[in-house]
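Open the model in a viewer and keep the selection panel at hand. The stops below say what to select next and what is there.

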Amino acid sequence: MLLKKTLVFHLMLMLVFVSLLIATSVKAQVPVYQLKHEEQLIEHYLYRLTEPAGSEQVVNITNLASDHWQPTQLANGDLLIMPGENWFVFKLENSSEQTKHAYVVIANQVRIKHSKLYVLDKVQKRQAKPMVLQRSNNRSAQVTVPPLSEVTIYLTIESATQLRSTAVVYSTAEYVEANGKLQFQQGITIGGLLCLSIAFILLFFAIRNLSILTLCGYLISNTLLLAAMLGINLYYFFPHLPTLAGIELPLLIASSAIFLLMFTTQLFNLKEKFPKNYQVIRMTCWGLLLYMPLSMKLSVVDNISISMAINVLVIFSLMMLSLYLYGLRLRLALLFTLVMAVQLILILVAIVSVNWLDIGFVAHRNLFYGITFWLNGLLITLILSRQYRYQLAVKHEAQQQALDSAIASERSQEALLKLQTQSQEELEERVQARTLELNIALQELGEANRELEQKNTLDELTGLFNRRFYDQKIVAEYRRSKRNLTPLSLVLIDVDHFKAVNDTYGHLAGDQCLVWLSHLIQKSLKRSTDMAFRYGGEEFCLILPDTDSQGAITLAEVLRKAVAKQGFNYKEVHIKLTISNGIYTYQQQDGVTPEQIFAAADKALYQAKGNGRNQTQVFEHNLD
């Protein structure tokens, strides 16, 4: 009995040994994919080479034993790709009597340097030429399986870094349908953003708002960036130039950041309100512009890392800036903070899920990118719409103030019209002048009112017009005289020995003397168009429109004689006064300016004082 048990035990050991020997001598049992299915993810039948192949040929790869391969379980088609060269193997079996075609599709990733597919025919025991997976919206290659046959697929992918992609096998009909769905989805996201950008361009031409143009540049940069991330990039159009792979990503991310920074400065008017923050943003934009040409010298991996860092830092900095502005009670600061926070969260989710943690996010990468960019565009548009609403409110308030000012001006005009006692021609001129002033007040939206409040036209002591108003009026009357071909006379008046009055009776007496003379000058003016000014000190000036030299002399002489005859009484003391007058009449002489008219009258006044004072002199020489 004991011998029988011993023999059975040894026999079982021999069977186990033989089984192990057979298992080690047979190659890996490569899983078979039956082409009877319309669509199937590469799941439960994909094997990965456990060690990097290095420089080994595909012939050596196909002869490797089973211990070099390990089964790979995929969820949702996610394919983990390690740095360097990756090898995968599976089989396609066609049990029908018709030739079938299958498409092996790998999700498009910028960091994939190249990918090839080798087909090994089981019947003819020959290897076809390697097929490079063509770049379109995805990397794909077509595999032909003859009737009642089986082929083995060896897939090699070389990557710059560790990343996740997706691997799918499609039949011809399902490939066309899946590719059509992908293109439709990308057309909706990319085309929609492009249409939104075009709408903003048209809006800019309509209202000429610089913020809209900057936002349009930001949306266009994001549209091109989304297209590049979804596979529609320079390498897509020029697949024979592998150096173009990923070259546009740092350029588009930098340009998008620049436009976003510029939009922020315009939105909050940082240049005028916060010049220090504006200078920081300005230097940041110059740094991004400098990085754009330098990025062409860096590798794709370095550019992706730098671009992600730039994107996160710019958005985080703008969020902190908007929080600071919100503390200062700036309008739109809170909304801008929320928009930047949402954008920062979405970017961090994309970076962490796709590039760091490998949490199986790749299968929905295109959809997530589309939603992210669309949400960002809509939120930025919301900010612009709120800004436009506030601008309309401010504009409406300014228009209301302008309307009130216009109503007040119109009432003043009506009151002035009631007081007119002059001829019909003078009345019409006044109406035209007031109407012109009203139109200017309406166009400047209240600016004229503030200016009139700041500039007082009357001299505080004498009640006559001051020198500032003289400078304005002489130009206007000069132009009217030149336009209507009418004479314009200017009379300069100076009190003789006025310093003696101040020294003898005091400055208060001198002031009262000037007030008395001003009243006398105003009484001497008989027309509403004649104007009297205190030019400075004891000097006065008369502008006499439509008055020739003889008329000016007559008025000046009447005034001079009245002053000499009446004298001035101050505190029961009679003070004798005389004045000297200088006259010049402008009659459209060539090359004569308002300044030369005053200079000529001043020369005549100087001549009157030099000839003994208490007289009127007329400048009759030509002006050089």
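**Stop 1: a strand residue**

Q617 is buried, with a relative accessible area of 17%. The coordinates come from a predicted model. Select Q617 and the strand that holds it, β21, which covers residues 616–618. Then show the contacts of Q617 beyond four places in sequence: N581, G582, I583, A604, Q607, A608 and N611.

**Stop 2: the whole chain**

Zoom out and colour by secondary structure; the chain has 18 helices and 21 strands. Of its 624 residues, 44% count as buried. Among contacts with a separation of 6 or more, 74% are between residues 24 or more positions apart. The chain exposes about 34400 Å², and carbon and sulfur atoms supply 60% of that area.

**Stop 3: salt bridges**

How many salt bridges does a search of the whole structure find? The search returns eight.

Select R534 and D459, whose side chains form a salt bridge with an N to O distance of 3.3 Å. R534 is in strand β16 (residues 531–536) and D459 is in the loop between α13 (447–454) and α14 (467–484), so this pair ties together parts that are 75 residues apart in sequence. Both R534 and D459 are buried.

Go on to K609 and D496, which are joined by a salt bridge of 3.4 Å, N to O. K609 belongs to helix α18 (residues 594–610), while D496 sits in the loop between β15 (488–495) and α15 (498–505), so the pair ties together parts that are 113 residues apart in sequence. The cut-off for buried is under 20% relative accessible area.

Next, select E557 and R560, where the salt bridge is 2.7 Å, N to O. These two residues are three apart in helix α17 (residues 549–566), and E557 and R560 are thus separated by about one helical turn. E557 and R560 are both buried.

**Stop 4: a helix pair**

Two packed helices are described by the angle between their axes and the distance between the axes. Show α4 (residues 210–229) together with α11; their axes come within 11 Å and cross at roughly 175°. Angles over 145 degrees count as roughly antiparallel, and α4 and α11 are therefore roughly antiparallel to each other.

Display side chains along the pair. On α4, the residues that meet α11 include I212, L215, Y218, L219 and L225. On α11, those that meet α4 include Y369, F373, N376, I380 and L384.

Stay on α4 and select I220, which is also in this helix. I220 is partly exposed, with a relative accessible area of 31%. Beyond its neighbours within four places in sequence, I220 is in contact with S197 and I201.

**Stop 5: a nonpolar patch**

Switch to a surface view and select L203, I207, Y388 and L392, which make a nonpolar surface patch of about 330 Å². The elements giving two or more residues to the nonpolar patch are α3 (172–207) and α11 (365–418). L203 is in helix α3 and counts as partly exposed at 36% relative accessibility.

Notes:
Residues numbered from 1 in each chain as written. Predicted model: local features only at pLDDT ≥ 70, side-chain atom pairs only at ≥ 80, totals over all residues. Heavy atoms only, no water. Patch = residues over 30% accessible without salt bridge, like charges linked within 9 Å, V, L, I, M, F, W, Y side chains within 5 Å. Areas by Shrake-Rupley, 256 points an atom, 1.4 Å probe, with all protein chains shown as cover. Salt bridge = Lys/Arg side-chain N within 4 Å of Asp/Glu carboxyl O. Helix = DSSP H or I, 4+ residues; strand = E, 2+ residues; numbered from the N terminus. Buried < 20%, exposed > 50% of the residue type's maximum accessible area, 1.4 Å probe, protein only. Axes fitted to C-alpha atoms, helices over the stretch in contact; angles between N-to-C directions. Parallel < 35°, antiparallel > 145°, perpendicular 65-115°, else oblique. Contact = heavy atoms within 4.5 Å.
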